[in-house]
Amino acid sequence: MAKTTQGKNGAGHQVAMVFDLNKCIGCQTCSVACKVLWTREEGADYQWWCTVNTQPGRGHPRDYEAMGGGYREGVSQPGRRPTREEWGGGWDFNYDEVLYGGKGQSVFLHPVGEEPKWGPNWDEDQGAGEYPNAYFFYMPRLCNHCTKPACLEACPRGAMYKREQDGIVLRDENRCRGYQFCLEACPYKKVYFNFVRQVSQQCIMCFPRVEQSVAPACVRQCPGRAVWFGTLDDESGPVAQLVRKWEVALPLHPEFGTEPNVFYIPPIGPARLNDDLSFDEDTPRIPDEYLEGLFGPRVKSAIQTIKTEMTKTREGGKSELMDTLIAYWWKDMFKPYDRDPAEIQWT
Amino acid sequence: MKAVKLQLATRTLLNPGAQQWAKVPAEEMSLGGTPLHRQPSKYVRAAWAGKPLGAVRFLKVQAAHNSKDIAFRLEWADPTENRDYGDGSVFPDAAGVLFPLNGDAPLESMGSADAPVNAWYWRASMADEDDAQNLIARGVGTAEQTAKSFSQARARWLDGRWEVVFSRPLQTDGEGVRLQPGKASKVAFAVWEGSSQERAGIKAFSKRWQELEIE
């Protein structure tokens, strides 16, 4: 009886995103754009539907990759829900005291209440490795609006559904009774619980904007030209080109089995430095094994493809892939969702 | 089970600690866990495979009415008072009273398309002033809250035991089971133990309908 559109790819118009991890500077504009738009109310304030984490890192929620869920060879895997501490966030701060208390520099801004032990970007910029070969990169994460959403299947009430027209995965909050099996089943731990309203919530792919041909907030706000948005069936569009034609945009943790629709261009990073400070051009500073652990075995050929095309342009040649990745025209990154939200009378 | 007729204000009936309840005959029943194969999602079946379902094994029930409202007092042992979701790792305790909406209905499947069931549901995260929820179900996973609930619940947790009273007017024009003195009815009960991760179909319930006589 569960309403499931398992395996159905939104009648061919599945929306998808591609993040270029060579470009993301971890400015957090995307995560804040989403936060300001969707998760300000009490109960949602600790929810960060979009987060940007430093990799290597423990992510958000902390160590989410070890919390189970998803599928293994098509079989549902038990998972667990994160705890408030593992999410962190939603803190109250002593703004009144600092800004209006007349205490000058004797006080500073800090969370009030229980001491935080984790947050949406707690281990930012720590990374891994030893100087001069330390390495890290930034990786935005949000609900992947998977083709085989484990969250949707887990709900015994059929409260979740995947839209035919665009593949966006949503929850009917009137049917949700806060059982949180969806939190357990999502292997990416991108479902949150609203403790005040007692319903589960997650990124809605800004569907009210998408319906008006406006790109999601995280996409449109990105100042780094690091993210593309479009439908996978738009063969000439950059998303389909990067995912299907060039195969340089890869899903995160494909072994989770849910077929996510958010993809990543893997970071190439600099070459390792030898002891004499010469470059070891054959050894990347970001280890291949680490990237394989995130993106699977296809990551090596994706990086090779990019390097080959970069070499072409360095030698004065033309590369469609590099033209796409460089993103000369900002609005081409999310056509036809390039309508300006400011010109719409939102009710 | 008999709902005895008492000359008591509903406000008193709704007080689980009211000393008048001591004189009302009690039914002690065993509860069993819901069968795993009935859980409608593959995820739930996989996550709970091999785990015990239904932490609360015994329930004491008393029933009384004052011609206007009927009340059921439920009492069970629960060492942990779960009134909320804690740090996110537990659920609030809860309890429910179930009736066939129209005379009879399959119990284990939470009713069927042709034979719905009516539940009065209390969750420990509710404030006292909240009404208990009134739900209609036509099979596992289909329970819907009706727009208006006429049932109320008052609860207290004392020394490792929950005491919860549900009450509802005997006569209602809302969507709910018709109860009247002299007419036999069927009734069943369920209890969720929150620190054991119980919610949804993961619960303990009285495995069979009880015959209810309203004095």
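User: Which residues in H8(A) are buried?
Analyst: This is a predicted model. In H8(A), the buried residues are A:Pro238, A:Val239, A:Ala240, A:Gln241, A:Leu242 and A:Val243.

User: Why call helix H8 of chain A largely enclosed?
Analyst: Helix H8 of chain A spans residues 238-245, and six of its eight residues are buried, so the rest of the structure largely encloses it.

User: Stepping back, how many helices and strands does chain A have?
Analyst: Chain A has 11 helices and 16 strands.

User: What box do the C-alpha atoms fill?
Analyst: Along the principal axes, the C-alpha atoms of chain A fill a box of roughly 60 × 60 × 45 Å.

User: And what share of chain A is buried?
Analyst: Of its 347 residues, 45% count as buried. On contacts, residues 24 or more positions apart make up 66% of those in chain A with a separation of 6 or more.

User: Switching to a loop. Where is A:Ile286?
Analyst: A:Ile286 is in the loop between strand E16 (279-284) and helix H9 (288-295) of chain A.

User: Buried or exposed?
Analyst: A:Ile286 has 24 other C-beta atoms within 10 Å. The cut-off for buried is 20 or more, so A:Ile286 counts as buried.

User: What does A:Ile286 touch, leaving out residues up to four places away in sequence?
Analyst: A:Ile286 touches A:Tyr135, A:Phe137, A:Pro267, A:Gly269 and A:Leu291. A:Tyr135 is 151 residues from A:Ile286 along the chain, yet their C-alpha atoms are separated by 6.1 Å.

User: Now the interface. How many residues of chain A are in contact with chain B?
Analyst: 25 residues of chain A are in contact with 19 residues of chain B. On the chain A side, the elements giving two or more residues are strand E4 (75-76) and helices H2 (84-87), H4 (150-154) and H5 (181-185).

User: What is that side made of, by class?
Analyst: The side of chain A that touches chain B has 14 nonpolar, five polar and six charged residues.

User: Over to chain B. How many residues of strand E6 are buried?
Analyst: Seven of the seven residues in strand E6 (residues 94-100) of chain B are buried.

User: Which ones point which way?
Analyst: B:Ala94, B:Gly96, B:Leu98 and B:Pro100 point one way from E6(B), while B:Ala95, B:Val97 and B:Phe99 point the other way.

User: What does E6(B) pair with over seven bridges?
Analyst: Strand E7 (residues 117-123) of chain B, in the antiparallel sense. In that pairing, B:Phe99 stands opposite B:Asn118.

User: And how many bridges join E6(B) to strand E12 of chain B?
Analyst: Five bridges join E6(B) to E12 (residues 185-192) of chain B, and those two strands run antiparallel. B:Val97 stands opposite B:Phe189 there.

User: What pLDDT does chain B average?
Analyst: Chain B averages 96, and 100% of the residues score at least 70. The model scores ipTM 0.96 and pTM 0.95.

Notes
Residues are numbered from 1 along each chain as its sequence is written. Chains are lettered from A and ligands numbered from 1 in the order in which they are written. This is a predicted model: local features need pLDDT of at least 70, side-chain atom pairs count only at pLDDT 80 or more; totals for chains, interfaces and linings use all residues. Helices (H or I, at least four residues) and strands (E, at least two) are DSSP runs, numbered from the N terminus. A residue is buried if 20 or more other C-beta atoms lie within 10 Å of its own, exposed if 12 or fewer, and partly exposed in between; C-beta atoms are placed from the backbone. Two residues are in contact if their C-beta atoms, placed from the backbone, lie within 7 Å. Ala, Val, Leu, Ile, Met, Phe, Trp, Tyr, Cys and Pro count as nonpolar, Asp, Glu, Lys and Arg as charged, and the others, Gly among them, as polar. Two strands pair if DSSP finds at least two bridges between them. pLDDT is the predictor's confidence in each residue, from 0 to 100.
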